[in-house]
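Here is a briefing on one model, grouped by topic. Please keep the structure open while reading.

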Amino acid sequence: MKIKVGFGFDVHQLKDNHPFIVGGVDLQHHKGAFGHSDADVLLHAICDALLGAANLRDIGFHFKNTDPRWKGISSMILLQETVKLIQEKGFNVGNIDAMLCLEAPKINPHIPQMQQNIAEAIGISIDDISIKATTNETMGFIGREEGVVAYAVCLIEKNA
Ligand SMILES: [Zn+2]
């Protein structure tokens, strides 16, 4: 069994009256993340962790932010495409551990739905998707609600 670890990071600006989609859940907040796709910071960090584990460059390499195919697209589709890429290299996803860093809104009530969305997109158990959240203690761009950050690590495996 060959196992590999991957790490991902993402950041998006928050703008007033913008949808705030995180882990495929609409947070219904007065601010939201701005970007070329639906700006789902959590899914982008997870995609980069998966790509990194398989040594397949990064999300911007595969899904260019100038490509009209990806404009406004659900990042769930980017996640599914990413999983296909690592499966083409013979890997399956073991588990994912992710961390969201934002000041508001509270993420805790949404975590079960995010876990379910991600588990379904990847095709693994909800128990293999860990999502955690913290504030930045009101400091910096996260504390001022100017941006949102996500980190993720993953494990992928194949029989070798
Ligand atoms: Zn992103």
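Asp10 counts as buried, at 15% relative accessibility; buried means under 20% relative accessible area, exposed over 50% and partly exposed in between, with a 1.4 Å probe and protein chains only. This is a predicted model: local features need pLDDT of at least 70, side-chain atom pairs count only at pLDDT 80 or more, and totals for chains, interfaces and linings use all residues. Residues are numbered from 1 along each chain as its sequence is written, and side-chain values use heavy atoms, with hydrogens and water left out.

**Zinc site**

- Asp10 (OD), His12 (NE2) and His44 (ND1) are the protein donors of the zinc ion, lying 2.0 Å from it.
- Donors are N, O and S atoms within 2.8 Å of the metal (3.2 Å for Na, K and Ca); water is not among the atoms, so sites may look incomplete.
- The donor residues follow the spacing D-x1-H-x31-H in sequence.
- Asp10 sits in strand β1 (residues 2-16) and His44 in helix α1 (residues 41-53), so the pair ties together parts that are 34 residues apart in sequence.
- Helices (H or I, at least four residues) and strands (E, at least two) are DSSP runs, numbered from the N terminus.
- His44 is also buried, at 8% relative accessibility.

**Nonpolar surface patch**

- Val5, Phe7, Phe9, Val11, Phe141, Tyr151 and Val153 form a nonpolar patch on the surface, with about 640 Å² of accessible area together.
- Patch residues have over 30% relative accessible area and no salt bridge; like charges are joined within 9 Å, nonpolar side chains (Val, Leu, Ile, Met, Phe, Trp, Tyr) within 5 Å.
- A salt bridge is a side-chain nitrogen of Lys or Arg within 4 Å of a carboxyl oxygen of Asp or Glu.
- Accessible areas come from the Shrake-Rupley method with a 1.4 Å probe; for residues, only the protein chains shown count as cover.
- β1 gives the most to the patch, with four residues.
- Phe141 belongs to helix α5 (residues 140-143) and is partly exposed, at 36% relative accessible area.

**Helix α4**

- The buried residues of α4 include Ile111, Met114, Ile118 and Ile122.
- The buried residues of α4 pack against β2 (21-22), β3 (25-26), α1, α3 (75-88), β5 (92-101) and β6 (129-134), where contact means heavy atoms within 4.5 Å.
- Gly123 follows α4, with a positive phi near 85°.

**Backbone details**

- The peptide bond from Ala104 to Pro105 is cis, with omega near -5°.
- Pro105 lies in the loop between β5 and α4.
- Asn55 is not a glycine, yet has a positive phi of about 55°.
- Asn55 is exposed, with a relative accessible area of 60%.
- Arg57 has a positive phi near 60° and lies in the loop between α1 and α2.
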